[in-house]
Amino acid sequence: MSIIGFSNECLLLLEILTRYLLLLEILTFYTYSKCFLNYYTVVSTGRKLYILSLLSVSGSDMFNKYTLIISIFAVATLLIGTAVTPIVNAQLQTLGVPALETTTNTTAAVNTTSIQSQISGLQKQLYNAQHADQIKQQADDAKLLQPIAQSDKAKNCAIDQHTPTTFKTYLTHFACGHVTVLANGTTVRHFTLIADDYNGTGTPIQISTNTPGLGKPLTSYNQTYKPVIFHAWTFNGTVPGPTMRFTEGDHVQITVRVTNDSKFPHSLHMHSIHPGAMDGMSGAAGMIEPGKSLTYNFVANPAGVYPYHCHIFPVQEHISRGLYGMMIIDPKTPRPQATEMVMMLNSYTYSFQGVNGSGHLTPTLPATQQQIEKNLTDVTQKSDENNGPDNQFYSVNGMPFGYVGKDSVHLTTGTPYRIYLANMVEFDPVNSFHMHGNLFNYWPSGTLNSSKIYTDIVTLGQGDRGMLEFHYNFPGQFMFHAHINHFSDLGWIGFFSVDNKPGPFFNNG
Ligand SMILES: [Cu+2]
């Protein structure tokens, strides 16, 4: 009987099992010795066989030749496995693979990951070697782009150039385009403008806020608030279109696409210096038919503030419907640091567009005597003052009565501010900008050659613009508005809410 209590039947079964296992282990060891791969199996086999042989020896009265063979083989396997392990580990270490001591699944998994990461590392090295030129180019580009990216950040260039602006985000939204740098160091800025007249009838935009008592001159205080709607033609879906910003000397590419659903051709006419073919007038110099596009190429100069607008006849309709925006060309040497804003003065007329936006002015070119007389009759009939179309709303940045009450613009005392100002009001010869409780430096057109004036009011003709710099000494609520009070009463007013404490422009986001 077994000293540990095994029955003879059990021992017989164990012996048969052991012989069978022996055969398996021999096969395994053979494989190992041939391939020199799975040394773990050797170690574990040795351990298993050693235990089995001990069990066999201790569990049986018989010490037959099989158990002897098993024991010898087991000890030999264990010794070989133990001897080989450090050698293989050393080899693996030179390959950067962690040494494997056990055969547990966890370790195997860890090492599988490690080997995979090594493979992916090698693949990366191979890719880098194959694309060395491309990678070098990317690195060079990044090196060239870095100072421009820093300067664009200092100018508060918008990171998101796709989300349409609201009158609040428009105040500080500067689209600086998609930037690339040529090998000769030239900065290229590319912009896309989508011009859309929405089948000629315009898209309804809301030109009133929910401010109680304001922005709803078409309703009485007792009536339910209804937003005021204007049927607009748009660049990139908003009125005004995006403020585009570049630096003097930049190569600018502005791709203008007129949508398929537009009824009329449109164009992009920019103020500043450029070739005639880039001037965005009717005809060959930049007129774009519906469904077509055109890229305007020019070198930005000189530094200053400029309007851009569609210049297809009748221009007064294409502008007054909403196809305009502002363009800033920064000097190569940056202007002194200041918190910057954009203020685009504009107006809305219902004189000719009708309730649903379907009315149009008659084109004035080519102007025969007969056409001029018809046009004069048209505008006279459509006018509310019998002298041509007139505006029913005036605003800054597209929203009559926008920057009032909770949406007043928060400023901080002592902080330097700069405003880029432009006037795109149609039908009225002049507009003005007046600031309460303060004076400002003003540079007409914002060029480096402009002589500044120190004032609290500037008067602007149609398409006129300039640049203001100021800071407030005292806290308080200060109005800014057209000093043509007729315009103020129809929406062109706003408030600076000046505080000693710094904070965002709008407290309510
Ligand atoms: Cu147009």
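The following legends describe close-up views of a predicted model.

**View A. The open five-stranded sheet.** Five strands form an open sheet in the order β14-β22-β21-β16-β19, and their pairing is mixed. The edge positions are taken by β14 (409-412) and β19 (457-461); each has a single partner strand, so one side of each is left without a neighbour in the sheet. On average, and with direction ignored, neighbouring strands of this sheet are turned by 25° against each other.

**View B. The pairing of β21 with β22.** Within the sheet of View A, strand β21 (residues 476-481) pairs with strand β22 (residues 493-499) in the antiparallel sense, over six bridges. His-481 stands opposite Ile-493 in β22.

**View C. Strand β13 and its partner β12.** Strand β12 (residues 339-348) runs antiparallel to β13, and four bridges join the pair. Leu-345 stands opposite Val-396 in β13. In a regular strand, side chains alternate between the two faces of the sheet. Strand β13 (residues 393-396) is covered on both faces: Phe-393 and Ser-395 are buried on one side, and Tyr-394 and Val-396 are buried on the other.

View D. Helix α5 (residues 132-154) comprises 23 residues and spans 33 Å from its first C-alpha to its last, close to the 33 Å expected at 1.5 Å a residue. A bend of about 35° occurs in α5 at Leu-145, and a proline, Pro-147, follows within four residues. The helix is hardly covered, with one buried residue among its 23 residues. Asn-156, which follows α5, has a positive phi near 65°.

Terms used. Residues are numbered from 1 along each chain as its sequence is written. This is a predicted model: local features need pLDDT of at least 70, side-chain atom pairs count only at pLDDT 80 or more; totals for chains, interfaces and linings use all residues. Two strands pair if DSSP finds at least two bridges between them. Helices (H or I, at least four residues) and strands (E, at least two) are DSSP runs, numbered from the N terminus. Axes are lines fitted to C-alpha atoms, for helices over the stretch in contact, and angles run from 0 to 180 degrees between N-to-C directions. A residue is buried if 20 or more other C-beta atoms lie within 10 Å of its own, exposed if 12 or fewer, and partly exposed in between; C-beta atoms are placed from the backbone. The expected span of a helix is 1.5 Å times one less than its number of residues. The bend at a residue is the angle between axes fitted to the seven residues ending there and the seven starting there.
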